[in-house]
Amino acid sequence: MCSCLFCYLAGLWMITSRFGLIKLITRYGLAESFDQIPKDFPQVKYLYIGLAVYTVLFVILSYFICKYSERTAKEQVQLQQEVSIVVSYTERMNVLLSQYERSSIKEAKTKQKLLTLSRQIASLPPAVVRNTSLKSEVTNIVSRLQNLLADNCSADVFSSAVDNARDAIDSVKRRSVTINY
């Protein structure tokens, strides 16, 4: 708003100097300038019209700038909230990785698959959070893996579940793509 006010005052200065008001003030002084304006000075009428039009245009432009700024700020807050939910999914995957390290399953191949799944979940777009079915699907995928690991399943069953989870996350990512025309 300060920059808008500065631009408005700079525009007023340009308009008044263009119409000669600065010349009148320097010639007659500020106190007597409006009383002693010569009757043959026709530019004062145009000065008033120009100032009124400029003020109306400036108010309209400022209104649109303020509305755009408010809308952008709201979108940023919403995006940050959505990203924080995706980060919480990533944190749940980090917990799952820690649990995997402490479990009886010690396969490097399965750990690599789990790391890849963790990266896939971390790279999910925020649009996943806007869609409740996709959001619940991601939550269910991570919960299912945590439950399998807590139940001390075999390495083959867990590896297969990780593969299915990777495919499901790929599907979620493809379905969450928003196309703008």
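Predicted model: local features only at pLDDT ≥ 70, side-chain atom pairs only at ≥ 80, totals over all residues.

Visitor: Which pattern does the protein chain follow along the sequence?
Guide: Start with the totals. The protein chain has seven helices and zero strands. Read in order, the pattern is α-α-α-α-α-α-α.

Visitor: What share of the residues in the protein chain is buried?
Guide: A residue counts as buried when its relative accessible area is under 20%. The protein chain has 181 residues, and the buried share of them is 30%.

Visitor: What share of the accessible surface belongs to carbon and sulfur atoms?
Guide: Take the whole surface of the protein chain. It comes to about 12100 Å². Carbon and sulfur atoms hold a share of 60%.

Visitor: How much accessible area do Y46, I49, V53 and L57 have together?
Guide: These four residues form a nonpolar patch on the surface. One of them, V53, sits in helix α3, which covers residues 43-102. Together the four have an accessible area of about 400 Å².

Visitor: Is E82 buried or exposed?
Guide: E82 lies in helix α3 too. Its relative accessible area is 6%. The cut-off for buried is under 20%. So E82 is buried.

Visitor: Which residues does E82 touch, not counting those up to four places away in sequence?
Guide: Look across the chain. P126 is 44 residues from E82 in sequence, but their C-alpha atoms are separated by 5.3 Å. Leaving out residues up to four places away, E82 touches P126, V129 and R130.

Visitor: How far apart are the end C-alpha atoms of helix α6?
Guide: Helix α6 runs over residues 132-150, which is 19 residues. At 1.5 Å a residue, the helix should span 27 Å. The model agrees with that, because the end C-alpha atoms are apart by 26 Å.

Visitor: How wide an arc do the buried residues of α6 cover around the axis?
Guide: The buried residues in α6 are L134, V138, I141, V142, L145, Q146 and L149. They lie on the same side of α6, because they cover an arc of only 125°.

Note on methods
Residues numbered from 1 in each chain as written. Heavy atoms only, no water. Patch = residues over 30% accessible without salt bridge, like charges linked within 9 Å, V, L, I, M, F, W, Y side chains within 5 Å. Areas by Shrake-Rupley, 256 points an atom, 1.4 Å probe, with all protein chains shown as cover. Salt bridge = Lys/Arg side-chain N within 4 Å of Asp/Glu carboxyl O. Helix = DSSP H or I, 4+ residues; strand = E, 2+ residues; numbered from the N terminus. Buried < 20%, exposed > 50% of the residue type's maximum accessible area, 1.4 Å probe, protein only. Expected span 1.5 Å × (residues − 1). Arc of directions from axis to C-beta. Contact = heavy atoms within 4.5 Å.
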